Amino acid sequence: MHKKLTAYLSTLEADGFGKWIVDTESRGTVDNPIQMPYVSYSRMVKQFVNDVYAFADEHQEYDLYRYNIILAENGIEWDGKSVCEKDVSTLEEKCIVALIMAAVRSERFADGALLNFFRTGTITKWLKRLQEIDET
């Protein structure tokens, strides 16, 4: 059921996910303003984000756009560090996909947040749990 998402497990290790772009050439004047730093995500990450939203639209029974409520119902408080360290071995699929949606949405509130979830292996851990659920 989650093949669209778990298929990324085979490509995650080879992907660099993205990199921070920091303007070091501009002078910071009115005529030459400095651009704020941002993350330039890899093609794979951009497609992953699109597939997460497509999954949410295709599986409205999960109500993933209310991910914060799903997480709260599972006793998960959203903060970067504790979410990354959370043991997900007993969580159900709806909660795992809600965690993924929350990670994707977190980029809207903090530049580079999604990059951190990829680089720490948290996305991989969540996708492996989904794969485990699919296999049982």
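This is a predicted model: local features need pLDDT of at least 70, side-chain atom pairs count only at pLDDT 80 or more; totals for chains, interfaces and linings use all residues.
Where does aspartate 63 lie? Aspartate 63 is found in the loop between helix 3 and helix 4 (67–73).

1. Residues are numbered from 1 along each chain as its sequence is written, and side-chain values use heavy atoms, with hydrogens and water left out. Helices (H or I, at least four residues) and strands (E, at least two) are DSSP runs, numbered from the N terminus.

2. Back to aspartate 63: its phi is near 55°, a positive value in a residue other than glycine. Most residues other than glycine have a negative phi. With a relative accessible area of 33%, aspartate 63 is partly exposed (buried means under 20%, exposed over 50% and partly exposed in between, using a 1.4 Å probe and protein chains only).

3. Phenylalanine 17 also has a positive phi, near 70°. Look for phenylalanine 17 in the loop between helix 2 (9–12) and strand 1 (18–21). Phenylalanine 17 counts as buried, because its relative accessibility is 11%.

4. Now turn to helix 6 (residues 93–106) and helix 8 (residues 122–135), whose axes come within 10 Å and cross at roughly 155°. Axes are lines fitted to C-alpha atoms, for helices over the stretch in contact, and angles run from 0 to 180 degrees between N-to-C directions.

5. Which residues of helix 6 and helix 8 meet? Glu93, Ile96, Val97, Leu99, Ile100 and Ala103 of helix 6 are in contact with Ile123, Trp126, Leu127, Arg129, Leu130 and Ile133 of helix 8 (contact means heavy atoms within 4.5 Å). Ten of the residues in this contact of helix 6 with helix 8 are nonpolar, none is polar and two are charged.

6. Helix 3 (residues 43–58) and helix 6 have axes that come within 10 Å and cross at roughly 130°. Helix 3 and helix 6 are therefore oblique to each other. On the helix 3 side, the contact is made by Phe48, Val49, Val52, Tyr53, Phe55 and Ala56, and on the helix 6 side by Val97, Ile100, Met101, Val104 and Arg105.

Notes: Ala, Val, Leu, Ile, Met, Phe, Trp, Tyr, Cys and Pro count as nonpolar, Asp, Glu, Lys and Arg as charged, and the others, Gly among them, as polar. Angles under 35 degrees count as roughly parallel, over 145 as roughly antiparallel, 65 to 115 as roughly perpendicular and the rest as oblique.
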